[in-house]
Amino acid sequence: EDFSFEELERRAHAARARRINVRLTPPQNTGNEETRVSRVASTYAFTLHHFDSHVVAITDATLGAVRERYRRYHKKYSPLFTLAIAEGEAVTLELEETYFRLHVKDAGGQFRSRLSYKKLADTARQGEGFYIVATHRESGTIAGMLLVLLYKHAAYDGSVAIDPDFSNRYVSHLLKWRAIEELQKRNIATYELGPKAESGSSTQKELGITHFKEGWSRGLTRPIWEIEKLLEL
């Protein structure tokens, strides 16, 4: 830890970064996370934070317990798309470029480096995750892609992009449904969807995302601890 945090801060200063954020996300909480992170924060002069993260418990009954509206969306719209898994050699340079362009279109612009998209694709190439690819049957257009990351029998939402032209077909719901089906096959125990937004301190967009996640997690969360340091230039 001495080496890691000293080197982290050295590199952050060299890059003229304004902020360092470190998050502890083990596959399963063991109960000592707060103690461990508090010690690190005190030792290296970081500020301690925590938040609740949505978690889907993966069992044979998971899809039968998701929000009823989601089950209706799946029944109505899934016949319009093929939902394929892409990993290993199936993650071609062409697929990497497709995801990059799709993400830029969804976001309304490019807000991070092209290299970051290659690194995401590499996780799926190296067995550390997989893409779900939704292809519109009639047009052959890739309408959405979701990257799910894997680590020690746990899964994490990685990155998602939906073609705005298909926003009324609930493609994000179909991708999440197919992801859970795949995790069931792989005997993955948990699927973490990310931070839960709190009313009063979150934007309407963040609250909307949380509402979407709760339809899958059904109230199951776990605490995630992180530390932060603001740097002077």
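What share of the contacts in the chain with a separation of 6 or more is accounted for by residues 24 or more positions apart? Such residues account for 73% of these contacts, where contact means heavy atoms within 4.5 Å. The model is predicted, so that local features need pLDDT of at least 70 and side-chain atom pairs count only at pLDDT 80 or more, whereas totals for chains, interfaces and linings use all residues. Residues are numbered from 1 along each chain as its sequence is written, and side-chain values use heavy atoms, with hydrogens and water left out.

The secondary structure of the chain consists of 8 helices and 8 strands; helices (H or I, at least four residues) and strands (E, at least two) are DSSP runs, numbered from the N terminus. The chain has a radius of gyration of 19 Å, close to the 17 Å given by the globule rule for 233 residues, and is therefore as compact as a globular protein of that length. The radius is taken over C-alpha atoms, and the globule rule is 2.2 Å times the number of residues to the power 0.38. The C-alpha trace spans about 55 × 35 × 35 Å along its principal axes. Of the 233 residues in the chain, 42% are buried (buried means under 20% relative accessible area, exposed over 50%, and partly exposed in between, with a 1.4 Å probe and protein chains only).

Two packed helices are described by the angle between their axes and the distance between the axes. The axes of helix α5 (residues 93-107) and helix α6 (residues 114-125) come within 10 Å and cross at roughly 130 degrees. Axes are lines fitted to C-alpha atoms, for helices over the stretch in contact, and angles run from 0 to 180 degrees between N-to-C directions. Helices α5 and α6 are therefore oblique to each other; angles under 35 degrees count as roughly parallel, over 145 as roughly antiparallel, 65 to 115 as roughly perpendicular and the rest as oblique. On the α5 side, the contact is made by Leu93, Glu96, Glu97, Tyr99, Phe100, His103 and Val104, and on the α6 side by Arg114, Tyr117, Lys118, Ala121 and Arg125. These residues comprise 6 nonpolar, 1 polar and 5 charged (Ala, Val, Leu, Ile, Met, Phe, Trp, Tyr, Cys and Pro count as nonpolar, Asp, Glu, Lys and Arg as charged, and the others, Gly among them, as polar).

Two residues illustrate contacts between parts of the chain that are separated in sequence. Tyr77 belongs to helix α4 (residues 68-77) and is buried, with a relative accessible area of 13%. Apart from neighbours within four places in sequence, Tyr77 is in contact with Asn168, Arg169, Tyr170 and Leu174. Between Tyr77 and Leu174 there are 97 residues in sequence and 7.8 Å in space, C-alpha to C-alpha. Glu87, in the loop between β3 (81-86) and α5, is partly exposed at a relative accessible area of 31%. Glu87 and Ile132 are 45 residues apart in sequence and 9.0 Å apart in space, C-alpha to C-alpha.

Backbone geometry was also examined. Most residues other than glycine have a negative phi. His153, however, has a positive phi near 65 degrees; His153 lies in the loop between β5 (142-151) and β6 (154-162) and counts as exposed at 58% relative accessibility. Phi of Asn187 is likewise positive, near 60 degrees. Asn187 is located in the loop between α7 (171-185) and β7 (190-195), and its relative accessibility of 63% makes Asn187 exposed.
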